[in-house]
Amino acid sequence: MSQLPALIPTSLILAGLLSLLVGLRSLRAGHLIALTGTAAAFLLSVVGLVEVTSSGQPIRYAVGGWIPPIGIEFVLDHLAAYMTTLVTGIGTLVLIYAPRSIRHESPGKSALTYPSMALLVAGLAGMSITGDLFNLYVFLEIAALAAYALLATGDRAGPFATLRYLLIGAVGGGFYLLGVGFIYFSVGSVNMADVAARLPELVESRSVITGAVLMVLGLALKMGLFPLHFWMPDVYTNAPSSSAGLIAPIMTKVSAYAIVRLMLDVFPPAYFTEAIPIAATIGWVSAAGILFGSIIAIGQQDYRRMLAYSSVGQIAYVGLGIGLANPIGLIGGLLHIVNHALMKGLLFLIGGAIRWRTGLVRIPDMVGLGRKMPWTMYAFVIAVLAMVGIPPTAGFFSKVYLMIGAVQADAWVWFAVIILSSLLSAIYFFRMVEFVFRDVENESDAADDSATGGVTARELEGAVAGEVPPSMFIPIAILSAAVILVGVFNFLIVRALLEPAVAPLLGG
Amino acid sequence: MDGFLDLAPLLAILASAVAAVVVPITGEKRRNLRETWTVLAAVVKFTLIAMMIPGVLAGERYGMDLLEIAPGISLSLRVDPAGLLFATSASFLWILTSFYAFGYMRGANEAKQSRFFSMLAACLSATIGLCFSGNILTFVIFYEILSVATYPLVIHSGSKKAYEIGRQYLIYALTAGIALVAGLAAIYAVTGTLDFQPGGFLDADMGMGFLWMVFLLFALGFGVKAGVMPLQSWLPNAMIAPTPVSALLHAVAVVKAGVFGFVRLVGYIFGPELFGEMGAATFLAIFAAITILVASLIAITKDDLKARLAYSTVGHLSYIVLGIAILAPQAMLGAAFHMITHAAMKITLFFCAGAIYVHTGKKKVSQLDGIGRQMPLTMAAFGVGAVGLAGVPLVGGFVSKWYLGVGALDAGLPIYLWVFLLSGLLNAAYLVPIVTRAFLRSSPDHTRVDEASLLMVIPISITMLFALLLGIHPDGVFRFFSLAEAIVASVTGVTFTGGM
């Protein structure tokens, strides 16, 4: 089992490359390979998760047999297993969902899509699993390049929005790499465990401080933390639904995870809170981001744009957990990574389903959808309840933990921000629930599907009860169930994975 | 048997949860079968709850911890006298409301009946869940579910007005919910526990600023549902929902969940001693007293029957809140018992209002001249409810008001006795004229006896008898009076010898 950490990214990269080659001949086979590879990586992640939680020890693997700190090391510990399972799980679901949606939204551009999806997941899983600061950068760029390819195939404005994202992403990656350079020159190593062992003597060093700040700044850009979020709305709005459904839930989260990793396992305890006020800065910026994202989301008419601004606010919950820097607060932040990934993934996939079925993307046009596609809309209600934080859905518990953490840290302003933002998100999401379940008035129900850009009657055959085909509906159903189950059983996750992960904070 | 009864609270919650799922699956086309599910769930639920009464009075505390949902906090069900009192009344009235609602919804030819009965069942699950919650987190989870499950019922008619009101309802309910979450987070961060304790578990060492913040968060959270002014305005608006909802949810289950929250807050979180010491009791009492009087005055001005009853509800909910805030054992006893008597009387009145509407289409008080000749049974029941609310002996309302008044004197706060007396007069002023108008005036519309459907008249008669029985033999129905005494005993340590 000690090869397991290596197998996860390897199977994904392999699947990505193979899928590209095969995909040139047969798109269907290409898709199947990408899906198989991702599903295999998911299963491996689950195995790793079980292994790590039952033994309580991380699984380490030295790449190419080179002993760390010389060689690159993969470390599957509690937090890494948590992230890889999430990333590969979402990847698998989106790959199941993607073909029908892509064929409808961007016909003829799908050859690159499936390999890119597998490579994106490979990059993100690699970032989660690596024990090496420089290697993290490599995976970060793999993920970024795959993301650019996925996003650029969207609507007409897609390529331009992606170009902007590419420039900003390059700056973020550059900052991070520069930071790694500073650390390397002062510590003489890029292996995380090794750096962690040597850093305590160097905490006063200016170049270490510079390195830390640059790395966090780069990752914050990648994470889309307010006010560095400006690339996000255009990108998500113009991307194909399935690409947005893959990228929005997990991409920014992995960068957030990388910051947590630096804080917990690379830099000495309390370095981010006492030596330099990185955590507090992230916290305040996040608090502002939560309010900003929620308020701007209220005014949006485009479904995808609303989700994008909501993401600006939601990723900041994770930032708030980092800012609190106490165990329960950080647990709340980390739990929100999974919660938000499930909810936002679900919402984007529902958006894709609506678009597939009716061609609609503007919220005011969605009146009466509750009749047209009731099951999809029930899933939508579950997602909304979770976003607003109604128990027993997942969203409720991360908020409770964050609030407890805020009280313990005497962070009353942040406490108030969480309260306020719950209400704001209730406003923009329930407004939409009201729209979709309202009956159409004065309009002939023959709001012709093909006229608004939806599928034709012929394509609709074989769809679930006049909704979307099973390949699109099953991922939606699984995610809705997961949103509830993760809420009800959240404590199992907290006890098995997150409490061990935040243990360094308790160590003092 | 005891092992089974430990499961009873969970089964009681699940009974209606199952109905909430099965009802829409069965659907409109097989509506008799659908109705069977509702009745079955209601009867099973009530039986399970009633079975626990003797044990709980003997000091048993049934229940179980289901699973840990946060560090050190389980999803915990515990049956104590307070929860059982509320649960028994809500589940008993649900049976009657179900039959009544079949008559009402069919009579009024309402749309979306499957959704209606499903959500009603879901609301009952949540209500019973919060009755039996052993800690604040479990309570808040059910409280939030209750808020959300009521929304589809409020917007039932689907009109523009209904959606507007639904929006207002959600804003109020979700604000209240998040305030509770904030309050529980604050308590947990400081104490590390959220379990309800008879007599409370907070203490003065935690600092007055902190305690006041916690109190205000919870008061906001419960005050909305309990309709304490200035948080009441959603309640009269919510009367746009079909009458069975107004009767069961907005006179009993939902609004009393807020009142029940105050019982938990004062008796089981703060404890009466600390609550009085910090001055929160006086603060709450003043708001409640003002609400009682102002709501009664507004009720007089309302011509719409349901609106008048809604303001009456606002006033009577604050009777209970005031009784709790007075803190004297007798007042607390009166408050707890008023939860039951008010439920019995007010549901009767709403049932009557709905029967009149479905049968004659009349909604306004001014249209009711002589209607007593057409619907004598309905209007007789209305009369019982009306004089009961005013506090006339032999109806339940007298008993609870008596103890509320005695409690106010005991506590050395005679001013509140005057509030109760004055409001009793106002109650009479806005309700009794309806009865006299119905029987003493005449109108060409109503000449011969022609009652509403039996599905409605029978539940009305039963709730009327229920209200009367509570006044004649308070402990005779489901031992409500003993349960109320047990609540006071567990919170204050004061036991009453002899009782009624």
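This briefing covers a helix pair, a chain interface and a nonpolar core. The structure is a predicted model, in which local features need pLDDT of at least 70, side-chain atom pairs count only at pLDDT 80 or more, and totals for chains, interfaces and linings use all residues. Residues are numbered from 1 along each chain as its sequence is written, and chains are lettered from A in the order in which they are written.

**Helix packing in chain A**
- Helix α16 (residues 374-388) and helix α18 (residues 412-437) of chain A pack at about 165 degrees, with axes 9 Å apart; axes are lines fitted to C-alpha atoms over the stretch in contact, and angles run from 0 to 180 degrees between N-to-C directions.
- α16(A) is therefore roughly antiparallel to α18(A) (an angle over 145 degrees).
- Residues making the contact include Phe380(A) and Val384(A) of α16(A) and Phe429(A) and Val433(A) of α18(A); two residues are in contact if their C-beta atoms, placed from the backbone, lie within 7 Å.

**Interface of chains A and B**
- In chain A, 22 residues are in contact with 19 residues of chain B.
- Elements giving two or more residues to the chain A side are α17 (394-408), α18 and α21 (490-501).

**Nonpolar core**
- Ala383(A) and Val321(B) touch the most other members of the largest nonpolar core, which has 408 residues; such a core is a set of buried Ala, Val, Leu, Ile, Met, Phe, Trp, Tyr and Cys residues joined through C-beta atoms within 7 Å, and buried means that 20 or more other C-beta atoms lie within 10 Å of a residue's own.
- Helix α14 (residues 329-360) of chain B gives this core its largest share, 20 residues.

Technical notes
Helices (H or I, at least four residues) and strands (E, at least two) are DSSP runs, numbered from the N terminus. Angles under 35 degrees count as roughly parallel, over 145 as roughly antiparallel, 65 to 115 as roughly perpendicular and the rest as oblique. A residue is buried if 20 or more other C-beta atoms lie within 10 Å of its own, exposed if 12 or fewer, and partly exposed in between; C-beta atoms are placed from the backbone.
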